Amino acid sequence: MRAFFAFTKKEFTESVRTYRLIIMLAVFLIFGVMSPLFAKLMPVLLKNLGDGFSISVPEPTAMDSWAQFFKNVGQMGAIVLVIIFAGIVANEFSRGTLVNILTKGMKRQTVILSKFTTVVAIWTLSYMLSIAVTFAYTVYFWGLSKMHNAFLAFLSLWLFGILLITLLILGGTLFKTFSGSLLLCGGGVVVMTLLNIIPKLQKYNPVSLSSNGMALLTKQNVAADFIPAVVICAVCIFILMFVSITVFNKKEV
C-alpha cells in the first residue's frame with residue numbers, strides 16, 4: 001500500500017505540473033457557468049436575431065439549465081477528458097520512466113491502479129465542481145426546483161466518464177501510444193453508439209448513461225430503466241481494468 005500511495009502522489013504532482021488538473025478544473029468550471037447562462041440568455045438571443053426576424057420561445061426553466069449541463073459535460077466534457085488523459089499510460093512507455101521503478105520492486109499492477117485512481121479522482125473533482133456551480137447559478141436564476149432521480153442521473157454520467165478512462169488505460173497499455181489510446185477509446189464509443197441504434201439494446205448500453213440524464217430528472221424514464229446500463233457499465237470497468245493489468249504484467253517496458 002505504501003508503494004501505491006507514493007506512486008499515486010507522484011501522479012497527482014505530475015498532473016499539477018503538466019496542468020492537466022488545472023485545465024480540467026477550468027474547463028468544467030466554465031461548463032458549470034455556461035450551462036445556466038446559456039439557458040437563461042438563449043430566449044433573448046432568439047427573440048432578437050435582427051432584420052425583423054424573431055422566434056417565439058417559452059420562458060427558460062431550471063430544467064433547461066440542467067439540460068445544457070448534461071449536453072455540455074456529456075459531450076464536450078467527455079472529449080476534454082479523453083484528450084487530456086489519452087497519454088496517461090502511453091507517455092510512460094515513450095519516456096521509459098517505468099524501467100527504474102519496476103526494477104526496484106514496484107508491482108506492475110500498482111502502476112495501473114495508481115493511474116486509474118488519479119484520473120478518476122481528477123474527473124470526480126472536476127465533475128462535482130461543474131455540478132456545484134451549475135446548481136448555484138440555477139438556484140440564483142430560478143430558485144430551488146424539484147429534480148427526480150437526481151443522484152442516479154448524475155451518477156450515470158460520472159460512471160460513463162470512468163468507463164472512458166478505463167478504455168484510455170487499456171489503449172495505452174496495448175498500443176503504447178497516444179493515438180492508440182485515443183483510437184481504442186473512440187472505437188469503443190463508436191461501437192456502443194452503433195449498438196444503441198437497436199432499441200432492445202438501449203436499456204443495457206452504457207453509452208445511454210451519457211445522454212439520458214435529463215430523462216431521469218424529468219421522470220420521462222424511471223430509475224429501473226437505467227439500472228441495467230449502470231450495472232453493465234460497472235462490470236465493463238472492472239473487466240477493462242483486469243485486462244489492462246493482465247496485459248501490462250506481460251508487457252515489455
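Which residues have the most contacts inside the largest nonpolar core? The model is predicted, with local features requiring pLDDT of at least 70 and side-chain atom pairs counted only at pLDDT 80 or more, while totals for chains, interfaces and linings use all residues. Residues are numbered from 1 along each chain as its sequence is written, and side-chain values use heavy atoms, leaving out hydrogens and water.

The protein contains 11 helices and 0 strands. Here helices (H or I, at least four residues) and strands (E, at least two) are DSSP runs, numbered from the N terminus. Along the principal axes, the C-alpha atoms fill a box of roughly 70 × 40 × 35 Å. Of the 253 residues in the protein, 44% are buried. Buried means under 20% relative accessible area, exposed means over 50%, and partly exposed lies in between (1.4 Å probe, protein chains only). Among contacts with a separation of 6 or more, 82% are between residues 24 or more positions apart; contact means heavy atoms within 4.5 Å.

The opening question can now be answered. The residues with the most contacts inside the largest nonpolar core, which has 63 residues, are Met24, Phe85 and Trp123. A nonpolar core is a set of buried Ala, Val, Leu, Ile, Met, Phe, Trp, Tyr and Cys residues joined through side-chain atoms within 4.5 Å. Elements giving two or more residues to this core include α2 (20-47), α3 (62-85), α6, α7 (150-175) and α11 (223-250). Helix α7 provides the largest share, 15 residues. Met24 touches Val80, Leu81, Ile84, Phe85, Ile122, Trp123 and Ser126, when residues up to four places away in sequence are not counted.

The packing of helices comes next. Two packed helices are described by the angle between their axes and the distance between the axes. Axes are lines fitted to C-alpha atoms, for helices over the stretch in contact, and angles run from 0 to 180 degrees between N-to-C directions. The axes of α3 and α7 cross at roughly 15 degrees and come within 10 Å. Helix α3 is therefore roughly parallel to α7. Angles under 35 degrees count as roughly parallel, over 145 as roughly antiparallel, 65 to 115 as roughly perpendicular and the rest as oblique. The crossing of α3 and α7 is right-handed. A crossing is right-handed if the near helix is turned clockwise from the far one by less than a right angle, and left-handed if anticlockwise. Among the residues making this contact are Trp66, Phe69 and Phe85 of α3, together with Phe154, Leu157 and Leu168 of α7. By class, the contact of α3 with α7 has 14 nonpolar, 2 polar and no charged residues. In this classification Ala, Val, Leu, Ile, Met, Phe, Trp, Tyr, Cys and Pro count as nonpolar, Asp, Glu, Lys and Arg as charged, and the others, Gly among them, as polar.

A second pair is formed by α1 (residues 2-17) and α6 (residues 108-142), whose axes are 9 Å apart and pack at an angle of about 45 degrees. Helix α1 is therefore oblique to α6. The crossing of α1 and α6 is right-handed. Residues of α1 including Phe4, Phe7 and Glu11 meet residues of α6 including Val111, Lys115 and Ile122. The residues of the contact of α1 with α6 divide into 8 nonpolar, 6 polar and 2 charged.

Some individual residues also deserve attention. Glu14 lies in helix α1 and is buried, with a relative accessible area of 16%. Leaving aside residues up to four places away in sequence, Glu14 touches Arg20, Glu92 and Arg95.

Most residues other than glycine have a negative phi. Tyr19, in the loop between α1 and α2, has a positive phi of about 70 degrees although it is not a glycine. Tyr19 is exposed, with a relative accessible area of 52%. Asn149, in the loop between α6 and α7, has a positive phi near 55 degrees and is partly exposed at 29% relative accessibility.

Finally, distance in sequence may be set beside distance in space. Thr193, in helix α8, is 14 residues from Val207 in sequence and 6.6 Å from Val207 in space, C-alpha to C-alpha. Ile198, in the loop between α8 and α9 (199-202), is 197 residues from Met1 in sequence and 44 Å from Met1 in space, C-alpha to C-alpha.
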